[in-house]
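Here is a short briefing for someone meeting this structure for the first time. Keep the view open as you read.

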Amino acid sequence: MIPKMEQSGLGWKNRWGHRIFTFVCGLKNRLLRAAAWKPILRSLRPSLSGALGILILTSCESMDYYRGAGKFDTVVLDAGHGGYDMGGRAIFGVNEKSITLDIVERISEILIQKGYHVILTRKSDVFIPLGERTSISNRTPNSIFVSIHINWSGNRRAHGLETYYYAPNSRRLAANILQAVGCSYSTPIRGIKFARFHVLRCNLRPAVLCELGFDSNRYENGLLQHSQHRQVLAEAVAQGIIHEEKGRIP
Ligand SMILES: [Zn+2]
């Protein structure tokens, strides 16, 4: 603190001189301090920017997860494969392309009853290129895209459920469907997985791909060949979609 008398005793030139002197001294000290920290900051810069990048990405991803697909009134349902592309060859009974079409028709019926608009990428046993499937989705406003598949593996023991997503805002939808299907019957949940599948990567709408069991596994194929089980799966997928639209966080 400067006594009042001394303050008033200083002429305006001296007062401004003093201020400028203090400012320059402060600036010099700050620069010296910064120079001392410089090598440390320089060595930490890559890890700091990396950590900051990861933090921003993680928080954006989790924000997208909690936000989910948002509001939608239309569901584009995609029955995997079709025509000459039979998909996974079942160890007995009908192949993947027929199972997926049947499940999609059942999901469609349930969703229409619940008041949703439904668009099917195929309604019969025809081959639809992947690009056309995504264009149908991309030109449909207020929609989500759900592709139905049946898994296949050379390992006959492989079984269980998987859902795939690409965009972070599709992950909650994948989680809602997987949880609903997982609760519908007793089989392992193999998880929600990130994948660069064309129908997901080139999709402008929230999009997921569901693998509803293995037709290469005797137990799961046995179930998939029964219309009763396909109805159970369809109801569970529809329930997952409704949960997502209601903003449920699994
Ligand atoms: Zn498939």
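Helices and strands here are DSSP runs, numbered from the N terminus; a helix has at least four residues and a strand at least two. On that basis the chain has 8 helices and 6 strands. The model is predicted. From the N terminus on, the elements follow the order α-α-β-α-β-α-β-β-α-β-α-β-α-α.

**The chain as a whole**

- The chain has 250 residues, and 35% of them count as buried.
- Take the contacts between residues at least 6 apart in sequence: 80% of them join residues at least 24 apart.

**The sheet**

- The 6 strands form an open sheet. Their order is β2-β1-β3-β6-β4-β5, and the pairing is mixed.
- β2 and β5 (189-194) stand at the edges. Each has a single partner strand, so one side of each lacks a neighbour in the sheet.
- From one strand to the next, the twist averages 20°.
- β1 and β3 run parallel and are joined by 6 bridges. Across this pair, V76 stands opposite F145 in β3.
- β3 and β6 also run parallel, with 6 bridges between them. Here I148 has C210 in β6 as its bridge partner.
- β4 (residues 161-165) pairs with β6 in the antiparallel sense, over 5 bridges. T163 has C210 in β6 as its bridge partner.

**Strand β3**

- β3 is mostly covered, with 9 of its 9 residues buried.
- S143, F145, S147, H149 and N151 point one way from the strand. I144, V146, I148 and I150 point the other way.
- Both sets of residues are buried.

**Helix α3**

- α3 covers residues 96-113, which makes 18 residues. From its first C-alpha to its last it reaches 26 Å, close to the 26 Å expected at 1.5 Å a residue.
- Its buried residues are E96, K97, I99, T100, L101, I103, V104, I107, S108 and L111.
- Which elements do the buried residues of α3 pack against? The strands are β1 (74-79), β2 (117-120), β3 (143-151) and β6 (207-214). The helices are α7 (218-224) and α8 (227-245).
- Just after α3, G115 takes a positive phi of about 100°.

**Helices across the sheet**

- α4 (residues 130-138) lies across β1, β2, β3 and β6. It runs at about 170° to β1.
- α5 (residues 171-184) lies across β3, β4, β5 and β6. It runs at about 170° to β4.

**Where α5 meets α8**

- The axes of α5 and α8 come within 8 Å and cross at roughly 145°. The crossing is right-handed.
- From α5, the contact uses R172, L173, N176, I177, Q179, A180, V181 and S184.
- From α8, it uses V232, L233, A236, V237, Q239, G240, I241, H243 and E244.
- The residues of this contact divide into 9 nonpolar, 6 polar and 2 charged.

**Loop residues to look at**

- H81 is in the loop between β1 and α3. It has a positive phi of about 65° although it is not a glycine.
- Is H81 buried or exposed? It has 22 other C-beta atoms within 10 Å, and 20 or more make a residue buried, so H81 is buried.
- N142 lies in the loop between α4 and β3. Its phi is near 50°, a positive value in a residue other than glycine.
- N142 has 11 C-beta neighbours inside 10 Å. A residue with 12 or fewer is exposed, so N142 counts as exposed.
- A167 sits in the loop between β4 and α5. It has 18 other C-beta atoms within 10 Å, a count between the two cut-offs, so A167 is partly exposed.
- A167 and R201 are 34 residues apart in sequence. In space they are 7.5 Å apart, C-alpha to C-alpha.

Notes: Residues are numbered from 1 along each chain as its sequence is written. This is a predicted model: local features need pLDDT of at least 70, side-chain atom pairs count only at pLDDT 80 or more; totals for chains, interfaces and linings use all residues. The expected span of a helix is 1.5 Å times one less than its number of residues. Two residues are in contact if their C-beta atoms, placed from the backbone, lie within 7 Å. Two strands pair if DSSP finds at least two bridges between them. Axes are lines fitted to C-alpha atoms, for helices over the stretch in contact, and angles run from 0 to 180 degrees between N-to-C directions. A crossing is left-handed if the near helix is turned anticlockwise from the far one by less than a right angle, and right-handed if clockwise. Ala, Val, Leu, Ile, Met, Phe, Trp, Tyr, Cys and Pro count as nonpolar, Asp, Glu, Lys and Arg as charged, and the others, Gly among them, as polar.
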